[in-house]
Amino acid sequence: YWPPQYAIMDGDTLEPLKVVSTRGTTWDTQEYHPEPRVAAIVASHYRPEFVVNVKETGKILLVNYQDIDNLNVTTIDAERFLHDGGCDASKRYFLTAANARDTIVVIDTKTGKLVKKIKEGVGATPHPGRGANFMHPKFGPVWSTSHLGDDSIALIGTDPKGHPDSAWKVVESIDGHGGGSLFIKTHPKSTNLWVDAPLNSDEEVYQSVSVFDVNNLDKGPEIIPVAKWAGLNEGAKRVVQGEYNKAGTEVWFSVWNGKAQESAIVVVDDKTRKLKKVIKDKRLVTPTGKFN
């Protein structure tokens, strides 16, 4: 987030090679902003290029690092208050949330151009993490996001060739177990869709997660009491950021507590949705991301 810049580093040594400021004007009102933060960076699958979200100016930068002495940057006017996002299943399109504007922005990383700004059907303050891709039984490939501001989960069609009528719009909205969500997750080898709600105000909600069957979304979610399974004593015990193992057989959830309190990681069997393991260690201090 700060300072307002991005750094290009050597991939082997992490030595900084070039630092570039993100200070500039907002895309819409053209007002100068002194400290626009970098909210997300993802890599293109088509060229040596980083996709950089600049939050307050609402600009997405396509930074080609092939020749950093003559840096080639494409600037796309997206929407203000960009946050996080991820690719669709084809890895061609980048979908990202401008969460304070209740908008999902779609970028074609192959052509390097804006595809669409999706507003209709998006809930209050979308917060997708990387989002979750799966095959909808009616609308084909979709990318999904949960929301901070309400309990809805928006499903957006992502296949303009195979399913043109569904592409780049919210094709369905389903209800999770509560707002205040930060992450939504599935896996190519799973039929489960997991949604957290760590910033909900209700203890019962933020201490649990919901899980859907992507082949039967009308059934609604099953509520999984992850914090209860953790067996912790004091603390809020907010459950956050389910992450799959590489095989897609396990989902790992963090159980947040304060610095002076015990936290944990809870491993859930994806097929049975049952507890598999609780990991506790004094070195686990408010754990968040878990990455393969």
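**A pocket, a cavity and a sheet**

Biologist: Which domains each give at least three residues to the lining of the largest pocket?

Modeller: Domain 1 (1–124 + 133–175) and domain 2 (180–291) each contribute at least three residues to that lining. The domain bounds come from an automatic or database domain assignment. This is a predicted model, in which local features need pLDDT of at least 70 and side-chain atom pairs count only at pLDDT 80 or more, while totals for chains, interfaces and linings use all residues. Residues are numbered from 1 along each chain as its sequence is written, and side-chain values use heavy atoms, with hydrogens and water left out.

Biologist: What counts as a pocket here, and what as a cavity?

Modeller: Both are sets of points on a 1 Å grid over the protein atoms alone. In a cavity a 1.4 Å probe fits but cannot get out, whereas a pocket is an open set with protein on both sides within 12 Å along at least five of seven lines. Lining residues have an atom within 4 Å of a point.

Biologist: What volume does the largest pocket have, and which residues are closest to its centre?

Modeller: Its volume is about 1,300 Å³, where a volume is the space filled by probe spheres set on the points, and points are joined across faces, edges and corners. Of its 38 lining residues, Arg130, Gly131, Lys185, Thr186 and Glu243 are the closest to the centre.

Biologist: Which strand supplies the largest share of that lining?

Modeller: β5 does, with 6 residues. At least two lining residues come from each of β5 (38–43), β9 (82–87), β13 (132–136) and β21. Strands are DSSP runs of E, at least two residues long, numbered from the N terminus.

Biologist: How does the lining divide by residue class?

Modeller: There are 17 nonpolar, 13 polar and 8 charged residues. Ala, Val, Leu, Ile, Met, Phe, Trp, Tyr, Cys and Pro count as nonpolar, Asp, Glu, Lys and Arg as charged, and the others, Gly among them, as polar.

Biologist: And how many cavities of 30 Å³ or more are there?

Modeller: The count is 1, and the largest cavity has a volume of about 30 Å³. Its lining includes Lys185, Gly242 and Phe253. β17 (184–185) and β18 (192–195) each supply at least two of its lining residues.

Biologist: Turning to the sheet, in what order do β21, β22, β23 and β24 lie?

Modeller: The order is β21-β22-β23-β24, in an open sheet with antiparallel pairing. Two strands pair if DSSP finds at least two bridges between them.

Biologist: Why do β21 and β24 count as edges?

Modeller: β21 (238–244) and β24 (275–279) each have a single partner strand, so one side of each lacks a neighbour in the sheet.

Biologist: What lies between β23 and β24?

Modeller: These two strands form a hairpin with 5 residues between them, and Arg273 in the turn has a positive phi of about 60°.

Biologist: Finally, is Lys161 buried or exposed?

Modeller: Lys161 counts as exposed, at 78% relative accessibility; exposed means over 50%, buried under 20%, and partly exposed in between (1.4 Å probe, protein chains only). Lys161 sits in the loop between β15 (152–157) and β16 (170–175). In β23 (residues 264–269), by contrast, 5 of the 6 residues are buried.

Terms used. Helices (H or I, at least four residues) and strands (E, at least two) are DSSP runs, numbered from the N terminus.
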